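Hi,

Here is the structure I said I'd pass on. Have a look at it first, and my notes on the charged side chains follow below.

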Amino acid sequence: MMFWEKDFETLPRKELKQLQLARLNKTLSNAQRAPYYRQLFSENGRSGKMLGDVSEVENLPFTTKQHLRENFPYGFLTLPQKEIIRLHSSSGTTGNPTVIFHSRHDIDSWANLVARSLFCAGVRDTDVFQNIAGYGLFTGGLGFQYGIERLGALSIPAGAGNSLRQIRLMRDYGTTAIHTIPSYLGRLYDVFREEGLDPRTDTRLRLMVIGAEPHTEEQRQRIQEMYGIKAYNSFGLSEMNGPGVAFECEYQNGLHIWEDAYFVEIVNPQTLKPVPDGEFGELVMTTLDREANPLIRYRTRDITRIIPGECPCGRTHRRIDRITGRSDDMFIIRGCNVFPMQIEGVLLKIPEVGDDYRITLENINDLDEMLIDVEVKREWFRGDLVFLDKLQKKITHLIRDEVLVTPKIRLVEPGSIPKAEGKAVRVFDKRNK
Ligand code: AMP
Ligand code: ZN
């Protein structure tokens, strides 16, 4: 067996489109039970109107995080509370949190998508799967939990943090697969080494799933070398359930995005017009199989592209590229648009550079400065000043060539950059705006 649901995963594109159209129309009529969409559709005269072709989605209004916040908590809910069995929310940096409600159908459909995704990356029911993610309101814990159970692997709901305990669990129960955020794996590796252990020989790990935060191909390569196993990219966002939205298959050539569950568009974030396949833009998604909390043309802010062509695995669902940034995390310094991922791409190609870095934007004497703290690998951080001076110059030049702004590089000891709880926060903008 190569697929979790062969019929859905390999559905010919023409039939997939028909399925999408039927599900889009179902979603549209269902959405009108939510106060927000009911009012919006009556204002713009769309009430009761159905689509004749999937391309007509372009005429529908976008939904943004701002809309979710303004209509917090129940404005997008289509069902009475009795029908709702769970909510997940992500804490807002400003204002109200974003909350998504799930009916029994929604939880069931989500669990199936995560199971499908894990299977796609090669996880089987014979695996022992340790989920190194926060359980609670965030989706990476329970989202994966239900998927692992649906797949039938032995789940270890380890939760995040406490590396010694993670390693202990892996060794006690013979963990073969893990899920975690990529920025944790360097830290975990150091603890392995401190304990005199090598994850390649002292565990039974055979694959891992990494996601929830942006990372580069270079970072993936490093992780794969450290652990001696493949790391598959997992993409999702709470507004679209959480994990199980798009996942890599054995070919690791982009992430299959499940088009029977989501209608996918890539738009230019300025003009909001669709871009051709292959071009980068903002990912916009419409839920196709969600009852309690349908979302129409939700602007994810994530920048990616559709990878043209077919995947040798036989799945017909298109592939998105790894997320290169967000249309809102891009920063502008001295007139240059900079994505943090460009800087990471440069840094992690340099073998002496360690696992973490931090970008601080400051305004000094009316001039914007980009200060980058860069951790240097232990074996290179030996007080050889000539060497460190050369390294600093090299990094400065490589970054200037990439982003066209000359950074101030400060080389720091490995482990000295404070780690955020959960996802890594790497850009600090201290300019007075
Ligand atoms: P949350 O809703 O808190 O789970 O955060 C979702 C966001 O995390 C997405 O919109 C992306 O910006 C980011 N994200 C999730 N998975 C990935 C991934 N595999 N690569 C890059 N960014 C990701
Ligand atoms: Zn594939």
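Let's start at the surface, where D190, E194, E195 and D355 gather in a patch of negative charge. (Patch residues have over 30% relative accessible area and no salt bridge, with like charges joined within 9 Å.) E195 sits in the loop between α8 (182-194) and α9 (199-202), and its relative accessible area of 45% makes it partly exposed. Buried here means under 20%, exposed over 50%, and partly exposed in between, using a 1.4 Å probe and protein chains only.

This is a predicted model, so local features need pLDDT of at least 70 and side-chain atom pairs 80 or more, while totals for chains, interfaces and linings use all residues. Residues are numbered from 1 along each chain as its sequence is written, and side-chain values use heavy atoms, without hydrogens or water.

Now the pairs: the structure holds 33 salt bridges, each a side-chain nitrogen of Lys or Arg within 4 Å of a carboxyl oxygen of Asp or Glu.

- D108 bridges to R150, with the closest N and O atoms 2.8 Å apart. D108 is in helix α5 (residues 104-120) and R150 in helix α6 (residues 139-151), 42 residues apart.
- E265 and R297 form another salt bridge, 2.7 Å from N to O. E265 is buried at 9% relative accessibility, and R297 is buried at 3%.
- R326 pairs with D302 at 3.0 Å, N to O. R326 is partly exposed at 28%, whereas D302 is buried at 8%.

Finally, salt bridges with shared partners join E344, D356, E375, K419 and R426 into one network.

Cheers

How values were computed:
Chains are lettered from A and ligands numbered from 1 in the order in which they are written. Patches are made of residues with over 30% relative accessible area and no salt bridge: like charges are joined within 9 Å, nonpolar side chains (Val, Leu, Ile, Met, Phe, Trp, Tyr) within 5 Å. Accessible areas come from the Shrake-Rupley method with a 1.4 Å probe; for residues, only the protein chains shown count as cover. Lys and Arg count as positive and Asp and Glu as negative; His and the chain ends are not counted. The place of a charge is taken as NZ of Lys, CZ of Arg, CG of Asp or CD of Glu. Helices (H or I, at least four residues) and strands (E, at least two) are DSSP runs, numbered from the N terminus.
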